[in-house]
Amino acid sequence: MDFMNDTQRALQARARELAQGEFAPTAAATDASEAYPWENVTRLREAGFMGMTIPTAYGGKGASYHDAVVVIEEMAKACATMGRIAVEANMGAIGAIMAYGSESQKRLAAGCVLAGDKPAICISEPGAGSAASEMTTRADRRGDGYVINGRKYWITGGGVSRLHLVFARVFDGGVEQGIGGFIVVRDGDSPAGLVVGERIPAMGVRGIPETYLRFADLAVPASALVVPPKGLAKGFGSLMNAYNAQRVGAGTVALGIAQGAFEEALAYAGKREQFGRPIAEFQGVQWMLADMSVQLEAARLMLHRAARCKGAFPDMTEAAQAKILAAETANRVANDALQIFGSSGYSRHLALERHVRDARMFTIAGGTAQILRTQVAASLLGRKLPQTRVGYAELAERDASRAGAAK
Ligand SMILES: Cc1cc2nc3c(=O)[nH]c(=O)nc-3n(C[C@H](O)[C@H](O)[C@H](O)COP(=O)(O)OP(=O)(O)OC[C@H]3O[C@@H](n4cnc5c(N)ncnc54)[C@H](O)[C@@H]3O)c2cc1C
């Protein structure tokens, strides 16, 4: 049971053939070299898996997020780096621009991705991770454009991406308008004012650089602002809606990594003999394999449910629930797969230790497992939970007035 139709099964077969034929053989080298796999990205583009969710009117395939999820799992199973590239070439920044952008913004963004670009989404800052809305990067209106100043960190694709969706506090005449997203295109070293900073040495999925980005009086035209339909004040909320798709995509990469690790462990358990029998004949190992399969199937069902969205983007709660389960499943399953390999799994000769490192990021990046639980709880309780400075201040005020009334 996976909610797939026949067309999607054919898509899955095509994606699997490409991923296993081209990307699995180079996955270890991509991890070791930490180099962006440009040649594989070209293969991905030629296969039509970059920008597949872009509407046909803009040159894409008009594929659904559910179709993309089917492809992403296959990519990630072969090579986690290629899985993440497939996410960012179909969800995240490109999804936001195709939903909220102007006609010219859509054409520009679609052109970049269909030519093989993996866009970067630039939200996090050293002082604003989970508390993303506390970002300090600002865009000041100057004449018929904006000037952006600030610093971002952990930007996936820093130094390799062309298209950037940069989130900043927008000021007009010195008055804050809320948070907006700006399209910034980097070709070579341009534009002046966008500085790609130091690469952050990451634990896993090492084929994509994560870097600091600095904006030093970066001038952009007013037409670079991706204006959400409800107006700028609600811009961040609208733009973050697009992030629900990115979360489903990230969860799917986690699932693909874990599925790959599971299949390796299953095969090994049938071959490795101890005490004169294959280790798969021991109930302790059998139950580990059974538990791994249960968790994988559950995560897949939740991801597919979220991806089969009726609206423009997956539902926030379904996306958060699916990402929590998929990310935590990936960590458990990759670890258990390594356990089944014993000392061989711990060795760097095999891929198991890489799978464990690759899986680790998914309870952190794109909304931590704790923050996503808070979102799920807020939706269950039907109210916004006091996670912000204002929220806690309001709570303290309420408690103080209750204490006063009780006296
Ligand atoms: C591999 C990787 C790639 C990334 N790519 C990008 C990218 O492309 N673009 C981008 O903008 N960002 C990116 N990020 C940043 C990512 O989104 C942040 O790491 C994430 O939002 C968490 O922020 P933080 O790391 O600053 O942790 P913090 O917010 O400092 O959190 C630290 C710990 O405190 C917990 N915590 C914080 N607040 C609460 C709360 N209210 N309740 C309970 N627990 C809480 C967290 O769950 C976490 O365990 C990436 C990160 C990684 C690791």
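Entry 1: I worked from a predicted model.

**Entry 2: burial of helix α6.** I began with α6, which spans residues 92-100. I found the helix mostly covered, with eight of its nine residues buried. I listed the buried positions as Gly-92, Ala-93, Ile-94, Gly-95, Ala-96, Ile-97, Met-98 and Tyr-100.

**Entry 3: α6 against α7.** I next looked up how α6 packs with helix α7, residues 103-114. I noted an angle of about 150° and axes 9 Å apart. Angles over 145 degrees count as roughly antiparallel, and α6 and α7 are therefore roughly antiparallel to each other. I recorded the crossing of this pair as left-handed. On the α6 side, I found the contact made by Ile-94, Ile-97 and Met-98. On the α7 side, I found Gln-105, Lys-106, Ala-109, Ala-110 and Val-113. I sorted the residues of this contact into six nonpolar, one polar and one charged. Returning to the burial list, I noted that Ile-94, Ile-97 and Met-98 of α6 are buried.

**Entry 4: α11 against α13.** I then turned to helix α11 (residues 316-340) and helix α13 (residues 352-359). I noted that they pack at an angle of about 165°, with their axes 9 Å apart. By the cut-off used in the previous entry, over 145 degrees, α11 and α13 are therefore roughly antiparallel to each other. I recorded a left-handed crossing for α11 and α13. From α11, I listed Ala-330, Asn-331, Ala-334, Asn-335, Ala-337 and Leu-338 as the residues that meet α13. Their partners in α13 are Leu-352, Glu-353, His-355, Val-356 and Ala-359. I sorted the residues of this contact into seven nonpolar, three polar and one charged.

**Entry 5: cysteines.** How many disulfides does the model hold? With a disulfide taken as a pair of cysteine sulfur atoms within 2.5 Å, I counted zero. I checked Cys-112 and found it in no disulfide. The cysteine sulfur nearest to that of Cys-112 belongs to Cys-122 and is 13 Å away. Is Cys-112 buried or exposed? I found Cys-112 buried, at a relative accessible area of 2%. I also looked up Cys-79, which is buried with a relative accessible area of 3%.

Technical notes: Residues numbered from 1 in each chain as written. Predicted model: local features only at pLDDT ≥ 70, side-chain atom pairs only at ≥ 80, totals over all residues. Heavy atoms only, no water. Buried < 20%, exposed > 50% of the residue type's maximum accessible area, 1.4 Å probe, protein only. Helix = DSSP H or I, 4+ residues; strand = E, 2+ residues; numbered from the N terminus. Axes fitted to C-alpha atoms, helices over the stretch in contact; angles between N-to-C directions. Parallel < 35°, antiparallel > 145°, perpendicular 65-115°, else oblique. Left-handed = near helix turned anticlockwise from the far one by under 90°. Contact = heavy atoms within 4.5 Å. Nonpolar A, V, L, I, M, F, W, Y, C, P; charged D, E, K, R; others polar.
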